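Have a look at the structure first.

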Amino acid sequence: MRPRIAAVFCMPERGHLQRLLPLIAGLARAGVSVVVFTAAEFTSIVGRAGGRFVDLFTRYPLEAADATSRPVPCRYVSFAAHYADALIDEMRVLRPSLIVYDTFAVIGPLLGRALGIPYINACAGHNMSPARAVRSLEGDPRVLPSDQCRRAVDVLRDRWGVTDASPFSYFTGLSPYLNVYGEPPAFLRPEEAEAFQPIAFFGSVAPPDLIGGESRRPVPSSLWRNGARLRVYASFGSVVWRYFEAAAVRALASLSDAIARTDSARAVISLGGHRLGADARARLERHNVQVADYVDQWAILRGATVCVTHQGLNSTHEMIYHRVPMISYPFFADQPALAARCQEFGLAVPLAGMPRGPVAAHDVRAALGRVRDESARMAAGLDRARAWELETMAGRQAVIEQMLSLRPG
């Protein structure tokens with residue numbers, strides 16, 4: 001029998017929820033009742049994708065489980081241990097036959113094992129194999145798990161049988177049933193894909209005709225000045241601002257300086273919803289540079305001629321979909337590796353020599369000049385990579401059928 005109810009879990013991370021939307025929509029179209037447990041701010045977008053929203057964090061406050069661990073995803077480890085009993089009871093009432101979870105939702109595989117049903121992981125980021133991801137965090141002085149997180153690790157290991165439990169369990173929760181990967185196959189070398197087996201390539205692009213809603217809005221005419229030959233869109237996503245505001249402002253200020261001195265140029269900087277102080281914001285605004293708290297990225301990419309990006313997974317593949325050449329400025333985690341892969345494919349050029357590296361206005365002008373000089377090569381690379389995206393998206397129904405064919409065991 002095909003699953004009738006799928007329970008989907010996503011922690012309060014917008015980019016991670018966005019990656020789940022095509023999965024939610026595909027399951028809903030297959031006749032599955034998709035119940036999505038996530039943050040209240042995602043209510044409408046879950047509904048547009050065909051899911052039934054359930055407010056997870058009002059009833060189970062993240063702060064009550066852990067309000068201090070750094071980085072923030074360590075708190076998701078505490079959340080899983082703190083609320084496991086209550087959520088197991090809730091799942092027994094709901095009676096799902098399938099659990100789908102973003103990798104950061106540590107509670108997902110725990111629930112699947114407790115209920116004895118298949119559980120499917122939606123991979124977080126580019127090539128974030130557990131061993132590599134954990135290795136990148138161990139010994140980092142910025143990592144400060146709370147006492148609650150350390151106790152949660154003991155609970156997950158001793159009570160729930162998570163033998164590899166750690167403060168970094170938000171990277172290690174792969175599924176023995178299926179791991180759905182948010183990029184085309186070309187972005188993983190064969191030896192890299194082995195870490196995610198069993199793997200199904202699904203991509204992360206969620207275009208308007210799939211989920212509808214806000215992405216259909218046109219770009220306000222004020223964002224792109226008429227006649228501007230160079231239209232630069234710059235965005236470092238949302239999570240970067242949580243940890244690296246100073247570095248982000250420095251790089252974007254150099255971008256603004258360069259654009260201000262460039263004829264027939266216009267730039268739009270998105271802050272990804274981050275509340276930037278007035279003084280820092282003033283450093284970025286120029287006569288031809290507009291700073292926006294948040295933009296409709298899907299729409300703005302239709303008019304951009306180049307993007308300055310941190311190489312987050314969602315943004316990178318949306319830029320490929322729209323054939324927009326990229327200037328890479330990665331900060332941390334999977335971003336440097338994805339930047340390197342995009343440069344290898346001829347889709348991007350680097351802005352600095354290292355993650356969060358120093359950038360001056362002349363570096364921005366040099367990168368823009370390189371994009372101009374290599375435009376033909378980059379256009380060919382983007383055409384090729386977009387074809388990979390379309391091929392992966394065309395195979396999504398087969399992945400949905402594979403998910404629905406899974407059985408306990």
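Which residue stands opposite Val34 in S2? That's Ala6. Keep in mind that this is a predicted model, where local features need pLDDT of at least 70, side-chain atom pairs count only at pLDDT 80 or more, and totals for chains, interfaces and linings use all residues. Residues are numbered from 1 along each chain as its sequence is written, and side-chain values use heavy atoms, leaving out hydrogens and water.

**Strands and crossovers**
- Helices (H or I, at least four residues) and strands (E, at least two) are DSSP runs, numbered from the N terminus.
- Strand S1 (residues 5–9) runs parallel to S2, joined by five bridges; two strands pair if DSSP finds at least two bridges between them.
- S2 also pairs with strand S3 (residues 52–55), in the parallel sense over four bridges, and here Thr38 stands opposite Asp55.
- From S2 the chain passes through helix H2 (residues 43–48) to S3, in a right-handed β-α-β crossover.
- Right-handed means that, with the strands pointing away from the viewer, the path from the first strand over the helix to the second runs clockwise.
- S1, helix H1 (residues 14–29) and S2 form a right-handed β-α-β unit too.

**What's tucked away**
- S2 (residues 33–38) is largely enclosed by the rest of the structure, because five of its six residues are buried.
- Buried means under 20% relative accessible area, exposed over 50%, and partly exposed in between (1.4 Å probe, protein chains only).

**Cysteines**
- A disulfide is a pair of cysteine sulfur atoms within 2.5 Å, and the count here is zero.
- Cys74 is in no disulfide: the nearest cysteine sulfur, in Cys149, is 5.0 Å away.
- Cys307 has its closest cysteine sulfur in Cys342, 12 Å away, which is too far for a bond.
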